[in-house]
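I opened this model to look up a few residues and write down what I found. The entries follow in the order I made them.

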Amino acid sequence: MKKLIGKSFLSALLVCCMAACSAPKELVYKDFNSFSLNKLGLGSSSVKMNLVYYNPNNFGLQLKRTDLDIYIDGTYLGHTSQDHQITIPKLTEFSLPISMEVDMKNVFKNALNTLLSKEVTVKVTGRIKLGKANVFFGMPVNYEGKQQLSPLF
């Protein structure tokens, strides 16, 4: 009888653990802010910004690595990657600081249209490595949406 109770308890515990370890929901892109130009050049420039995301999960996560490509109005802006761990609180917005080298030839192609428009299409693609309790897995990132801008003129 003790073995039967022990096996039943172990089975119930295993089922509870499997239910608690459900796959996390994807992070939701919200905005970007704190845009700054670190180095300006004709061939390439260096920029920094924060990507703002929302964690829709009922638990915190660790972001271990990112490899992202950024596009503005269909024009490739640059690639960014980071490999230092960031703690993401549950059910809240958080900022992901990124820096990247920008190929200025691609920026100059659409610069006038972008400067005069009220909104641009931002596209972020790539992969991130997320986890909890030192168990990490890859997750694709594929966001595209309109971003409001303040026109200069």
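**Entry 1: A23.** I looked up A23 and found that it is exposed, with a relative accessible area of 66%. The cut-off for exposed is over 50%, so A23 at 66% falls in that class. I then placed A23 in the loop between α1 (2-20) and β1. I also checked the distance from A23 to G131: their C-alpha atoms are 9.7 Å apart, while 108 residues separate the two along the chain. I note here that the model is predicted.

**Entry 2: salt bridges.** How many salt bridges does the structure hold? I found two.

I took K39 and E101 to begin with; their side chains meet in a salt bridge, at 3.8 Å from N to O. K39 belongs to strand β1 (residues 28-39) and E101 to strand β6 (residues 93-103), so this pair ties together parts that lie 62 residues apart in sequence. I looked up the accessibility of both partners. K39 is partly exposed at 42%, and E101 is partly exposed at 44%.

I went on to R65 and D67, which also form a salt bridge, with 3.4 Å between the closest N and O atoms. R65 has a relative accessibility of 32% and counts as partly exposed. D67 is partly exposed too, at 26%.

**Entry 3: S46.** Is S46 buried or exposed? I read a relative accessible area of 12% for S46, which makes it buried. The cut-off for buried is under 20%. S46 sits in strand β2 (residues 44-54). I listed its contacts, leaving aside neighbours within four places in sequence: S36, L37, N38, K39, M100 and E101. Among them are K39 and E101, the two residues I had already noted as salt-bridge partners.

**Entry 4: positive phi.** I wrote down a general point before going on: most residues other than glycine have a negative phi. I then looked up two residues with a positive value.

D73 is not a glycine, yet its phi is positive, at about 50 degrees. I found D73 in the loop between β3 (61-72) and β4 (75-82). D73 is partly exposed, at 33% relative accessibility.

L91 is also a residue other than glycine with a positive phi, near 50 degrees. Where does L91 lie? I found L91 in the loop between β5 (86-88) and β6. At 42% relative accessibility, L91 counts as partly exposed.

Key. Residues numbered from 1 in each chain as written. Predicted model: local features only at pLDDT ≥ 70, side-chain atom pairs only at ≥ 80, totals over all residues. Heavy atoms only, no water. Salt bridge = Lys/Arg side-chain N within 4 Å of Asp/Glu carboxyl O. Helix = DSSP H or I, 4+ residues; strand = E, 2+ residues; numbered from the N terminus. Buried < 20%, exposed > 50% of the residue type's maximum accessible area, 1.4 Å probe, protein only. Contact = heavy atoms within 4.5 Å.
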